[in-house]
Amino acid sequence: MSRAPGLSVRWKLTLSYAGLVMVAGILLIAAIALAFRLTAPDGVVITVRYPYYEGIVRRFLPAACVTLVLLLIFGLVGGWILAGRMLAPVALITQATRLATTGSLSHRVEMPGRSDEFRELADSFDAMLAQLEAHVAEQRRFAANASHELRTPLAITQAMLDVARKDPDRPTDELVDRLHAVNARAIDLTEALLLLSRTEQGSFTPEVVDLSLIAEEAAETLLPLAEEHDVLLETSGDLACTSGSRALLLQLTTNLVHNAIVHNLSEGGIVQIEVAEWPQAVLLTVENTGEQISPELLATLTEPFQRGNERIRSDHGGVGLGLAIVKRITQVHNGTLSLMARPDGGLRVTVELPRAGTTTTARSD
């Protein structure tokens, strides 16, 4: 924004301090002069009172003027120094802000001293910079991973087409099947990226949603997949209403159940879906059997394009965005997502959302 030039805050404070000192000096001198005028010294005859005070005033005025000039100088110099000391923290924050506008987010103000309004502002600014730095780094990693993931199916397609062109006698049925599989994967990845992008916007009209019905619908939809993988689906829970987007919450539940099915035991696996209602929150818990999950792997499962290769099946590699989408949908519904490795193997995922009737304004951070 373009603004006309004006006095700096330091000059404004300096003039304010000097003005206060001058006003205080004038009032003090006026009080002294009034005291001289109203009080008769001992031994002075009343008839010469006024001539006497006229002489006093004539001698007092020059000294008063000199005093006022000294007070003005003192007020300007002292006010300039005090204003500079008071505004020093603001200068540090301004410098940090200018660095941030250039794209540098790694610096911090780190203002020393005891807590006051300026230091609280500096601490809040440092926290904001830390969040921005983490968010930008996450977005850069996401862009790099997305580019890599999108390039992979295109490179595979290009390689298969090159092989087919060099070997025209090669059966086309196998080539078509492989191209279909690679193209389907690229479509799934693109749709997942679009869904994640829409979720990032966090804009939807909230409605009352029963999580128990959502869980039943997701289980019914994925029942054929569970039967194909020899996985038993178990659902339990009563009415549990929250406020949000039904489509997004259904996507969240479907992703969790789908992951629980394909990341399971090769035979005799179990997936338990439980919905519970608390006084201020509703809980959706999806628990599955499977192999042991290391703490290092558990900490990265919600990152984009993390597929958990140690425990995933080769026939359902997915696109690595399932839990990333779940995490983002949970965030825009003001909920919390927690993952816990089961001692016997497998994973327990819990989504806690505000109960319907509490504040559920969508957020985008």
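Biologist: Which residues of the largest nonpolar core touch the most other members?

Modeller: In soluble globular proteins, nonpolar side chains tend to be buried together. A nonpolar core is here a set of buried Ala, Val, Leu, Ile, Met, Phe, Trp, Tyr and Cys residues joined through side-chain atoms within 4.5 Å, where buried means under 20% relative accessible area and exposed over 50%, with partly exposed in between (1.4 Å probe, protein chains only). Of the 42 residues in the largest core, those touching the most other members are Leu233, Leu252, Leu256, Ile261, Val271, Ile273 and Leu284. Helix 7 gives the largest share of this core, 9 residues; helices (H or I, at least four residues) and strands (E, at least two) are DSSP runs, numbered from the N terminus. This is a predicted model, in which local features need pLDDT of at least 70 and side-chain atom pairs count only at pLDDT 80 or more, while totals for chains, interfaces and linings use all residues. Side-chain values use heavy atoms, leaving out hydrogens and water, and residues are numbered from 1 along each chain as its sequence is written.

Biologist: Which residues of helix 5 are buried?

Modeller: An α-helix has 3.6 residues a turn, so residues three or four places apart point the same way. In helix 5 (residues 211-221), the buried residues are Leu211, Ser212, Ile214, Ala215, Ala218 and Ala219. They lie on the same side of helix 5 because they cover an arc of only 160 degrees around the axis, taken from the directions from the helix axis to the C-beta atoms.

Biologist: Which residues are exposed on the other side of helix 5?

Modeller: There, Glu220 and Thr221 are exposed. Across the protein, buried residues make up 33% of the 365 residues.
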